[in-house]
Amino acid sequence: MRLKTVPLAVSLLLAPFAANADEAALFVPQWLGAQYTFVDQHQDSLHSPYEGPMSLRPQGDTARSHTFGAYFGVALPGHLQLYTDVEMFKGEGVSGATGLGGLTNGDVIRSGTVSLGKDPYLARAYLRWMLPLGDETTAVERGQDQLPGQEADQRVEVKVGKMAVNDDFDKNRYAGSTRTQFMNWSLFNNTAWDFAADTRGYTLGAMLAWIESGWSLRYGIYRMPYEANGQRLVSALSDSRGQQVELTVQPRPDGWALRFLAFSNIARMGIYRDAIAIALATGEPPDIRADDQPGRHKYGFGLNGELPLADDGDTGLFMRAGWNDGRTESFVFTEVDRTLSGGFQLSGVHWGRPTDHVAVALNVNGLSPDHREYLALGGNGFVLGDGALNYGREQILEAYYSFTPIAHLTLSPDLQLIHNPGYNRDRGPARFVALRAHLEF
C-alpha cells in the first residue's frame with residue numbers, strides 16, 4: 001500500500017459517520033508520528049563442530065535492517081477512534097534470523113514460509129471505543145496510536161481490527177520496545193508466550209479491557225496463521241484462534257506494576273511426541289509438519305513486573321517469567337518453552353545526560369523435554385535446527401547505552417553475549433555487537 005492511499009482509505013471508512021459530504025471532509029486523519037530505525041549488527045565467529053539448516057553461521061555474519069513507519073488517527077463521535085499505521089521493512093538479520101530462541105534484533109521481519117516484499121504495507125487498522133466509568137480523566141499526549149486529549153481513568157475499552165497483540169499485553173516500562181530499549185526478543189517480550197500473529201507480527205481480532213484505578217483486566221481473541229510462522233491468517237476464529245487474559249496490578253500510575261498473563265491457542269499444529277514416534281518407526285529425521293492436525297491446543301502463563309527506583313521512574317528494575325506446555329510445536333513467535341529474565345535501567349541524570357540511559361539484562365530460555373528430543377534427533381523448527389543437540393539452557397546477556405545527541409534522534413550501541421545458542425552446549429558462545437539509530441517525530 002502506498003502512503004498516499006491511507007487518508008483516502010480512512011475517509012471512505014468515515015463516510016457513514018457523516019451526514020453529508022461537507023461533514024465527511026471534517027474527518028481528516030491526524031498525523032500522530034513517524035519513525036525510522038536502522039540497525040547494523042555484527043555476529044562474531046563461533047565454535048561450531050557441526051551445523052544444520054537453521055544454525056547460526058559459524059564464520060560470523062553482518063547484517064543491516066531498516067524499518068519505516070507513519071501513524072495516523074481520527075477522533076469519531078461516540079467515544080470512537082480510528083487508527084491506521086503504514087510500515088516498511090528492508091534488510092535482514094544476522095544468520096538469516098535463525099539459530100536462537102532469543103533472536104538478537106527485534107526489528108527483523110522473518111521471511112518464514114513466505115517471501116515477503118519490501119514495499120510499504122498496512123500494519124494496523126482498527127477501531128478503538130472507550131466508555132467512561134467515572135469523571136476523573138488524565139491528559140494524554142500525541143503519540144503512535146494515541147490521539148491527544150483527555151481519557152477517563154476508569155473505563156471500558158474495546159479494540160477491533162488489525163493490530164499487534166503485544167500492543168496491549170505484556171507491556172513493560174523498561175523492556176518493551178526493540179527500537180529504543182533491549183533488542184533481544186527475550187527481553188522486550190515474553191518469548192514463552194506464543195501469541196497470534198502473521199510473519200510480520202500482526203493479526204485480526206478484538207481486545208476488551210476493564211480499566212480501574214490501581215488495576216486493569218484485558219482479554220483478547222485473535223486469528224492464528226494457517227501454518228507455523230506463516231503470513232496467511234485463518235479465515236475465521238472458529239477454525240483457529242489465540243486467546244489471552246491479563247490482570248495488571250498497579251496501585252499508583254508511576255509506581256510498581258505486576259502483570260499476570262494466561263494464554264490458549266487452537267491451531268493446525270504438530271505434536272512433538274507424535275513426530276518423534278513417526279521418525280523412530282521410519283528411521284528418518286522427525287518432521288513436525290508431517291503431523292500437523294487442526295484443533296490442536298497450546299497453553300501457557302506469564303509474569304511481568306516493573307519497579308521504579310528513582311529519577312521519576314527513569315531508574316528501575318524489571319523481570320519476566322514464562323512457561324508453556326511445550327507439547328505442541330512453537331507456532332508463531334519463536335522457539336522458547338520456558339523463560340526467565342531480569343534487568344536494570346539507570347538514568348543518565350546521574351552524569352548530566354537526563355535524556356540518556358544505560359541498561360543491562362540477563363535471560364535464560366529453556367525447552368520442554370519433547371521439544372529437546374525432537375531437535376536432538378535432527379528435527380527442524382522455524383528458527384532452530386542444528387541437526388543434533390547437546391541440550392543446555394540458552395543464556396543471554398545484553399547491555400546498551402541510549403544516547404540522544406539531538407532532539408528526536410537516539411543512538412544506541414548494543415552488546416549481546418549468548419551461551420548455548422539454540423540450546424546447544426556444542427556451539428558458541430556467540431557474540432554480537434550492534435549500533436542502532438532511531439529517529440522519531
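Predicted model: local features only at pLDDT ≥ 70, side-chain atom pairs only at ≥ 80, totals over all residues.
**Entry 1: nonpolar patch**

I started with the surface and found a nonpolar patch made of Trp129, Leu131, Leu133, Leu208, Trp210, Trp215, Leu217, Tyr219, Val245, Leu247 and Phe260, with about 930 Å² of accessible area together. Residues are numbered from 1 along each chain as its sequence is written, and side-chain values use heavy atoms, with hydrogens and water left out.

For the patch I used residues with over 30% relative accessible area and no salt bridge, joining nonpolar side chains (Val, Leu, Ile, Met, Phe, Trp, Tyr) within 5 Å and, for charged patches, like charges within 9 Å. Areas are Shrake-Rupley with a 1.4 Å probe, and for residues only the protein chains shown count as cover.

**Entry 2: where the patch sits**

Which strands each supply at least two residues of the patch? I get E4 (121-132), E8 (203-212), E9 (215-223) and E10 (241-249). Strands here are DSSP runs of at least two residues, numbered from the N terminus. E9 gives the largest share, 3 residues. Tyr219 lies in E9, and I logged Tyr219 as partly exposed because its relative accessibility is 32%. My classes are buried under 20% relative accessible area, exposed over 50%, and partly exposed in between (1.4 Å probe, protein chains only).

**Entry 3: salt bridges**

Next I looked at charge pairs. Side chains of opposite charge can pair when their charged atoms come close. I call a salt bridge when a side-chain nitrogen of Lys or Arg is within 4 Å of a carboxyl oxygen of Asp or Glu. How many salt bridges does this rule give? The count is 22.

I looked up three of them.

- Asp61 pairs with Arg57 at 2.8 Å, N to O. Asp61 is buried because its relative accessible area is 14%, whereas Arg57, at 32%, is partly exposed.
- Glu151 pairs with Arg128 at 3.0 Å, N to O. This bridge links distant parts of the chain, 23 residues apart, with Glu151 in strand E6 (residues 149-152) and Arg128 in strand E4. Glu151 has a relative accessible area of 8%, so I put it down as buried; Arg128, at 6%, is buried too.
- Glu157 pairs with Arg155 at 3.1 Å, N to O. Are these two buried or exposed? Glu157 and Arg155 are both buried.

Note on methods:
Helix = DSSP H or I, 4+ residues; strand = E, 2+ residues; numbered from the N terminus.
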